[in-house]
Amino acid sequence: MGTFKIEGGIRLKGDVTPQGAKNEALQILCAVLLTPEKVTISNIPDIIDVNKLITLLGNLGVKIQKNGPGSITFQADEVNVGYLETEAFKKEGGSLRGSIMIVGPLLARFGKGYIPKPGGDKIGRRRLDTHFEGFINLGAKFRYEKEDHFYGVEMEGRLKGAYMLLDEASVTGTANIVMAAVLAEGTTTIYNAACEPYLQQLCKMLNAMGAKIGGVGSNLLTIEGVDSLGGCEHRILPDMIEIGSWIGLAAMTRSEITIKNVSWDNLGVIPNVFRKLGITLERRGDDIYIPTHENGYEIKTDIDGSILTIADAPWPGFTPDLLSIVLVIATQANGDLLIHQKMFESRLFFVDKLIDMGAKIMLCDPHRAVVMGHNFKSQLKATTMSSPDIRAGISLLIAALSAKGTSTIQNIEQIDRGYERIDERLRALGANIVRV
């Protein structure tokens, strides 16, 4: 396993361009299975999770042509559906949670879709019920092999459009159902649909391919099924989670950084949440400029003077993927903060590593933590730690960059799953970070 060695306490400076969005890429790449025609996708992030999915598509028989950095043309005109029932697929598909989203397109186009129990971050239980209940509503039959943890849906003939009220606004669940419904016979209505920008991007891409999806951007989607879809060209949005990570890095290291081409209109409440933490963000065209916070940053209180609470929620609420970033930022803020992680029960369990570094954090339960900021009067101290998941990993990296001394982060493959060449890009800003 790889390791980062980081000398902390160095102020950084410069411009950084965010990578393409990981969570959008995983949806968009699965959608190429819906057509035999060529689909060209640009701004694809070069990260482990996305590259695993591209390899999986290739093993399914999808033709892959690399056009240049971040640009690939896919053609799924000779898909080998039989690969789904091989031992190789069970091993490969089980290592990537995003592989669940191949099921909807395969079911819609070929009448069957299988997936082993997916892997991914160890951040608590992540249900698949929404996906499969949606497929069943469209007429598919569910199949589950308990011994192999192997899920599947099958259908003879075309899927049939239906009304459904999702039990949760699952992003991947909504995406999977939408991809199945676009080729179904009749009208599908999905209420309590997820409406994240990445889901909107998927719908826009499908419409460009000939789908008929209405209500894009709302939680009520109406889909008129079509007989077939064609090819298209699509560009992936910048990654809002990485943008938030760069904001956190700038604040914690008191660095002057400009984040380029952030697609401000798709950031939702994210800039305002960071402003509540006292961080100065300037909009310069489509860039975010973060000045040096020489005097630190002060957490605002609620309107009645009580401690500020930041909680995650489905879009347009604050994304759970940035709560770990907010938590680490708060360790050096002027003021106190309550973090409430509602959606995953194990995502705060990395705080013990921050406490080892000198942070003042009280973990109330698996979902809540109170952070008492140092206001830079006491610098975090370097330590050796291991990255438990993507978002905790980048938060520990930010803490290490602000700490006194040289820190070691092990299991950095978890960080590489979501962040493209993070060490190279940090060195370009002046950081002293080495990959061992």
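Predicted model: local features only at pLDDT ≥ 70, side-chain atom pairs only at ≥ 80, totals over all residues.
**Entry 1**

Residues are numbered from 1 along each chain as its sequence is written, and side-chain values use heavy atoms, with hydrogens and water left out.

I noted the terms before going on. Helices (H or I, at least four residues) and strands (E, at least two) are DSSP runs, numbered from the N terminus. Two strands pair if DSSP finds at least two bridges between them.

Strand 17 pairs with strand 18 (residues 336-340) in the parallel sense, and I recorded four bridges. I then traced the open sheet to which they belong: its four strands have the order 17-18-20-19, with mixed pairing. Strand 17 (308-311) and strand 19 (360-365) stand at the edges with a single partner strand each, so one side of each is left without a neighbour in the sheet. From one strand to the next, the twist averages 20°.

I also looked for a helix on this sheet. Helix 10 (residues 323-330) lies across strand 17, strand 18, strand 19 and strand 20 (368-372). Helix 10 runs at about 160° to strand 18. For such angles, axes are lines fitted to C-alpha atoms, for helices over the stretch in contact, and the angles run from 0 to 180 degrees between N-to-C directions. Contact means heavy atoms within 4.5 Å.

I turned to a second open sheet, in which four strands follow the order 21-22-1-23 and the pairing is mixed. Strand 21 and strand 23 (432-435) are the edge strands, each pairing on one side only. The twist here averages 20° from one strand to the next.

Strand 1 (residues 3-7) pairs with strand 22 (residues 406-410) in the antiparallel sense over five bridges. I located two of the facing residues: E7 stands opposite T406, and I6 stands opposite S407. Strand 21 (residues 384-386) pairs with strand 22 in the parallel sense over three bridges, and the bridge partner of T384 is T408.

How is the β-α-β unit of strand 21, helix 12 and strand 22 handed, right or left? I found this unit, with helix 12 at residues 390-402, to be right-handed. A crossover is right-handed if, with the strands pointing away from the viewer, the path from the first strand over the helix to the second runs clockwise. Helix 12 lies across strand 1, strand 21, strand 22 and strand 23, and runs at about 165° to strand 22.

**Entry 3**

I followed strand 9 (residues 163-165), which runs parallel to strand 10 (residues 187-191) and is joined to it by three bridges. L165 has Y191 in strand 10 as its bridge partner. The chain crosses from strand 9 through helix 6 to strand 10 in a right-handed β-α-β crossover. Strand 10 and strand 12 (residues 220-224) run antiparallel and are joined by five bridges; T189 has T222 in strand 12 as its bridge partner.

**Entry 1. Two helix pairs**

Two packed helices are described by the angle between their axes and the distance between the axes.

Helix 4 (residues 103-110) packs on helix 6 (residues 171-181) at an angle of about 15°, with their axes 7 Å apart. That makes helix 4 roughly parallel to helix 6 (angles under 35 degrees count as roughly parallel, over 145 as roughly antiparallel, 65 to 115 as roughly perpendicular and the rest as oblique). The crossing of helix 4 with helix 6 is right-handed: a crossing is left-handed if the near helix is turned anticlockwise from the far one by less than a right angle, and right-handed if clockwise. In the contact, V103, G104, P105 and A108 of helix 4 meet N176, M179 and A180 of helix 6. I sorted the residues of this contact into five nonpolar, two polar and no charged. Ala, Val, Leu, Ile, Met, Phe, Trp, Tyr, Cys and Pro count as nonpolar, Asp, Glu, Lys and Arg as charged, and the others, Gly among them, as polar.

Helix 1 (residues 22-31) and helix 7 (residues 197-208) pack at about 25°, with their axes 9 Å apart. Their crossing is right-handed.
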